[in-house]
Amino acid sequence: MRDQPLVRVLGPVRFTSRSGDDVAPSGALPRRLLASLALAGQEGRSVAGLTDDLWSDEPPRNPRGALQMLVSRVRSAAADGLLESTATGYRVDASDLLTAERADAAGAAAALALWTGEPGADLDDGTAEELRQRAGRARIRLLALHAATLLDGDRGAEAIPVLERLVAASPLDGEPVGRLMRALAGEGRTDAAIAAFAAHRERLADALGADPEPALVRLNTELLRGAAAPATAELVGVRTSTTALLGREDDLARLLSAVPAHRLTSIVGTGGLGKTRLAHETALRLADRFERIVFTELVGARAAEDVELVLGAAVGARSLQRARRLTEPMPADLPTRTREILADRRTLLVLDNCEHVVDAAAALADDLLATIPGLTVLTTSRVPLLLPGEAVVAPQPLPPATAASALFVDRATAARPGAALDAALVERVCARLDGLPLAIELAAARLRSMTLPELDTRLADRFAVLVGGDRSAPDRHRTLLALIEWSRRLLSPAAADALATLAVFPDGFTGDSASDLLGADAAEVLTELVDQSLLAFVEAPGGAGRYRMLETVREYGLRDLAERGRTAVAARALDDWALRFARRTAPGLTAGVRPAVSRVVAVEEETLLVVLRGAADRPAVAMAVGALLAELWVYRGEFASIVGVLPALIEAGRHRPRSEAEQEESVRGLALAASIAMLSVRPEVPRSLALLRRALGTGDRRGFWRVLAAELVLSRDLDTGVAALDRLTGDPDPLVSSFAHLMRAQLHENEGAVAAAIGDLGAAEAIAARQGYTWFRFLARTNLVSLLGQRGEHAEALAVARRARQEIVELDVDTDLRQLDWLIGANAIITGDLAEGERIFGRLAASRGRGGPADEADDRALALAGLAEVAAARGEWAEALARWDEAVAVVGRASSPWRVVIDAAALAGRAALGVPSAELERPYRRVRTLLIAIQRLQGGRFDAPVVGAGMVGLSAVLRRTDAAAADDLAALGLALGARRDLASIDAAARGVVPAPFGHEEAARRVVAMLRSPAVRRPGPVVG
């Protein structure tokens, strides 16, 4: 091993200068050169390879000469022999990377010291990623070697930090975690070993949704069992359970770590989570850490003054006694005697169920900790004690699909061996029970006398069915109703009333919504409900907060409303809240004037849907809420959702508006309903148009929705609507004019008039930028990307798309963003960035958008087509053909325009891959037949870019036998503005000059050319 490698890349790039100093290269190109040569090793790198590394985007006119100048520049500053010439290029004499990669176990520690920072951090090209990966692999190997050497030498304490670094470097690899756990356990740090397993388990769940490998789980189980025994402390009131503690391994690990490290730890959470069970288990596992453990159940303390009495009884202290002689000292009173007993040995005091006497329990704990230095306190409560230094462990409900189901199956099998337990139904039951262990155990016990499907049905009244639990348990734990009522009795009257009223929210609520519903500032009652663990406060990204109620608690609240005859009043209050919410948020939603509004509305979507379904007798509420949801779904591209609420909008539209606000909402809602009904060819079209006409009346036609309804939705025919668009582009209302430009651009694009469409999009974007119409600006830029691609300007299209992606990410428009990502991926492939194209299309193929089934089919087919193009560009022909087959099969089940584009691209792609003409004959005929059908069915207003793409795709096959006919076919397709997003169609279009025809002339020639003898069949079969 060299003492000082001449080139260093395991950190900032540096090299040995002529003076022997370690210096940094002067500039980006010298850094890239040295890094590239370090990666190449002693074999060196050719001139062509170095040219690609250094100037991948725009190589110099004379690459060899430019490279020679760069090498001379580096040599002039470097030590002799650092940069050597080879027969084909250059190499460096040695590097720290090469040293690290060749080091053996004996040299691993020294090799690890070569790292001086983050490799590749000062590089800005593809070399950086390769360097990071190579260096990362080398570091992991060296850490593993060094750790093994230390462990083999019985130096476990020294190996632990090395293994911790190894786990951090490969966080999803279970093997180093197992070695770390064994090393920690070998040093007597079992708690830390268990915590290491819990951390690994969380990482796997977050990253992969997976569980640790069985061997690691077995090791963790062995450590847990070993940590539980033998018990060395005197145990007072600590109970050993007859059943296994399931699903709480992570919480137990946190407690085993927190309790020894903090003098006060509190297990905090709602009732039924198993806090008491966790406290007993923790006490048992920590028996070897203390001399005495006292478990004190405060459930019997009815008042604050009882707390000291209950504790005294638990520790065996006796209250005040009278002296028998004057010479005898006065016996200590109960508090003093209690403290003397607790102080005489190192003690863990467990105070269970503090919530109903929390102030007294907090005061007692504070005093005990202040006066007894060797005391540690563990509490369970629904609220924290709020004392300085308190560590809080907050168990959460068990995940229904995993831990909750495992608990249910275990307890149900014990209750009735052989019970039929369908996994999906078990998960459903556990989800309905909020993952609460107590509720799950009560439910599982009922399988003694009923089947699982019967239990699922009877959970509609969970408080009636979940009774009769463990006879040894406290009364409050024997029925679910008793559990919730125990919590309710701890509330103030105002908080108890609020709990019932807020239960009408089906999907959580914000603090502002709670205040709106209750008609007063809700801050104090919300705090009280959170403190009693009856509400959970969840902080969302961006700083927004939301309160959530367990379904069990919510059902109790609804039951309380019904018993007090307040259900109708609370439901009407929710309707009124929804109406006010809709009117506050609607103005900011249109055109994306306030981008955050869409997220605000989306969060309340479930609640608004519940209101809409129940507002048949309140048409004003139904219309306002329905219109708001419809506009949200248009904004997010979820048109299938709008179809589902058409009946509700039309039914609400039957009622005449009673105010100007109601009329505006009716026009908006019915305009959206009629538009979607027409686009979806729904039977609701005539009724929605008639109601819209009535709602619009003969009055003022100003305002976006009124103009849209009068001029476009209610236009007599398509020609009238097109003429209206021409007028509306000059409308004084910028919202109207920008929308008109967007719509006219769409019409121009469909006609193949690319230049006119680009002009309209530019105008729309300019207006949107001035007025802050964020969504309209995004639509303009997204459509511009498509049009630039149709002109073959893919580099410019990619630049515009990337800028739009960065600027518009704030919008919650998943469907549109998926379209933009698709365009970025497609143009990246055409411009040579296969890695980005593969990354984007791989992600799109593996994810789902918000659209309906048709959109899902289109998205998947387009993603598969993109992956086919990547494979083809890399020469992976079998993979490319398989992807094309899959894409064609998926899109063949849809009826969207993308079917033609993908079929045509697959045809061109297969032709380019050399598929025999005999195998292409059938797909060729299919594309040709589709194009003729589209032109005949849609007449002069067919989708010209789609038809054009189909014609270009056909030309790729036709070119094998008739190049002149292929040129004519492709030229006509380009005259129609053919889509060229997919690389195979773009490749077939290159070098072809568009035919000199306008849209109308080109449209007239389509069918004639497709039926011409030259195109009808692509010549004789060529094998």
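Axes here are lines fitted to C-alpha atoms, for helices over the stretch in contact, and angles run from 0 to 180 degrees between N-to-C directions. Helices (H or I, at least four residues) are DSSP runs, numbered from the N terminus. Welcome to a predicted model, in which local features need pLDDT of at least 70, side-chain atom pairs count only at pLDDT 80 or more, and totals for chains, interfaces and linings use all residues. Residues are numbered from 1 along each chain as its sequence is written, and side-chain values use heavy atoms, with hydrogens and water left out.

**View 1. Helices α7 and α8 pack together.** Helix α7 (residues 156–169) and helix α8 (residues 174–186) have axes 9 Å apart, at an angle of about 155 degrees. The two are therefore roughly antiparallel (angles over 145 degrees count as such). Contact means heavy atoms within 4.5 Å; I160, L163, E164, L166 and V167 of α7 meet P176, V177, R179, L180, A183 and L184 of α8. By class, this contact has nine nonpolar, no polar and two charged residues (Ala, Val, Leu, Ile, Met, Phe, Trp, Tyr, Cys and Pro count as nonpolar, Asp, Glu, Lys and Arg as charged, and the others, Gly among them, as polar).

**View 2. A look at V177 in helix α8.** Is V177 buried or exposed? V177 is buried, with a relative accessible area of 1% (buried means under 20%, exposed over 50%, partly exposed in between, with a 1.4 Å probe and protein chains only). Leaving aside residues up to four places away in sequence, V177 touches V167, A196, H200, R203 and L216.

**View 3. Helices α1 and α2 cross.** The axes of α1 (residues 28–40) and α2 (residues 47–54) come within 10 Å and cross at roughly 130 degrees. These helices are therefore oblique to each other (the class left over once angles under 35, over 145 and from 65 to 115 degrees are set aside). L29, R32, L33, S36 and L37 in α1 meet L50, D53 and L54 in α2.

**View 4. R432 and D456 form a salt bridge.** A salt bridge is a side-chain nitrogen of Lys or Arg within 4 Å of a carboxyl oxygen of Asp or Glu. In this pair, the closest N and O atoms are 2.9 Å apart. The bridge links distant parts of the chain, with R432 in helix α17 and D456 in helix α19, 24 residues apart. D456 is buried, at 10% relative accessible area.

**View 5. The side chains of E836 and R802 meet in a salt bridge.** Their N to O distance is 2.3 Å. E836 is buried at 14% relative accessible area, whereas R802 is partly exposed at 34%.
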